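Here is a short briefing to read alongside the sequence and the 3D view. Keep both open as you go through the points.

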Amino acid sequence: MPLPATLEDTRTLEERVEQAVQSRTSGRIRGLRVQVQDGRVVLSGRTSTYYNKQLATHAALEAVSAVQNEVEVC
């Protein structure tokens with residue numbers, strides 16, 4: 001799926017990815033932030049397990065073809 005061309009499309013994509021990640025992880029990513037930067041979707045936030053981080057990546061990949069997951073496991 002190509003990345004959006006307009007700011008409105010970018011916001012819609014960010015919201016869609018955020019909703020997918022929240023749903024798949026049952027809200028276990030604290031401070032979740034989804035941004036489109038330099039042609040890629042970037043996830044950030046914190047979680048307690050690598051499994052939750054992996055779930056977030058897979059959820060985001062359902063909406064876009066490439067994701068950079070910067071979620072911190074602590």
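**The chain at a glance**

The chain exposes about 4,600 Å², and carbon and sulfur atoms supply 46% of that area; accessible areas come from the Shrake-Rupley method with a 1.4 Å probe, and for residues only the protein chains shown count as cover. This is a predicted model, in which local features need pLDDT of at least 70 and side-chain atom pairs count only at pLDDT 80 or more, while totals for chains, interfaces and linings use all residues. Residues are numbered from 1 along each chain as its sequence is written, and side-chain values use heavy atoms, with hydrogens and water left out.

**Overall layout**

- You will find two helices and four strands in the chain; these are DSSP runs numbered from the N terminus, with helices being H or I over at least four residues and strands being E over at least two.
- Reading from the N terminus, the order of elements is α-β-β-α-β-β.
- Of the 74 residues in the chain, 31% are buried; buried means under 20% relative accessible area, exposed means over 50%, and partly exposed lies in between (1.4 Å probe, protein chains only).
- If you take contacts between residues at least 6 apart in sequence, 52% of them join residues at least 24 apart, where contact means heavy atoms within 4.5 Å.

**Strand pairing**

- Strand β1 (residues 30-37) runs antiparallel to strand β2 (residues 40-47), and six bridges link the two; strands pair if DSSP finds at least two bridges between them.
- Two residues separate β1 from β2 in this hairpin, and Asp 38 in the turn has a positive phi of about 50 degrees.

**The nonpolar core**

- The largest nonpolar core holds 14 residues, and those touching the most other members are Val 17, Val 21, Ile 29, Val 34, Val 41, Leu 43 and Val 64. A nonpolar core is a set of buried Ala, Val, Leu, Ile, Met, Phe, Trp, Tyr and Cys residues joined through side-chain atoms within 4.5 Å.
- At least two residues of this core come from each of α1 (7-25), β1, β2 and α2 (50-61).
- Which residues does Val 17 touch, not counting those up to four places away in sequence? They are Val 34, Val 41, Leu 43, Ala 60, Ala 63 and Val 64.

**Charged side chains**

- There are two salt bridges in the count, a salt bridge being a side-chain nitrogen of Lys or Arg within 4 Å of a carboxyl oxygen of Asp or Glu.
- One of them joins the side chains of Arg 24 and Glu 62 at 2.2 Å, N to O. Arg 24 sits in helix α1 and Glu 62 in the loop between α2 and β3, so this pair ties together parts that are 38 residues apart in sequence.
- Arg 24 is partly exposed at 31% relative accessibility, whereas Glu 62 is exposed at 59%.
- Glu 72 and Arg 46 also meet through their side chains in a salt bridge, at 3.5 Å, N to O. Since Glu 72 belongs to strand β4 (residues 72-73) and Arg 46 to strand β2, the pair ties together parts that are 26 residues apart in sequence.
- Both ends of that pair count as partly exposed, Glu 72 at 38% and Arg 46 at 42%.
- Glu 14, in helix α1, is buried yet has no salt bridge, and the nearest side chain of opposite charge, Arg 11, is 6.0 Å away. Lys and Arg count as positive and Asp and Glu as negative, with His and the chain ends not counted.
- Leaving aside residues up to four places away in sequence, Glu 14 touches Val 34, Gln 35 and Val 36.

**Two serines in loops**

- Ser 26 lies in the loop between α1 and β1 and is exposed at 58% relative accessibility.
- Although Ser 26 is not a glycine, its phi is positive, at about 55 degrees. Most residues other than glycine have a negative phi.
- Ser 65 is in the loop between α2 and β3 and is exposed, with a relative accessible area of 58%.
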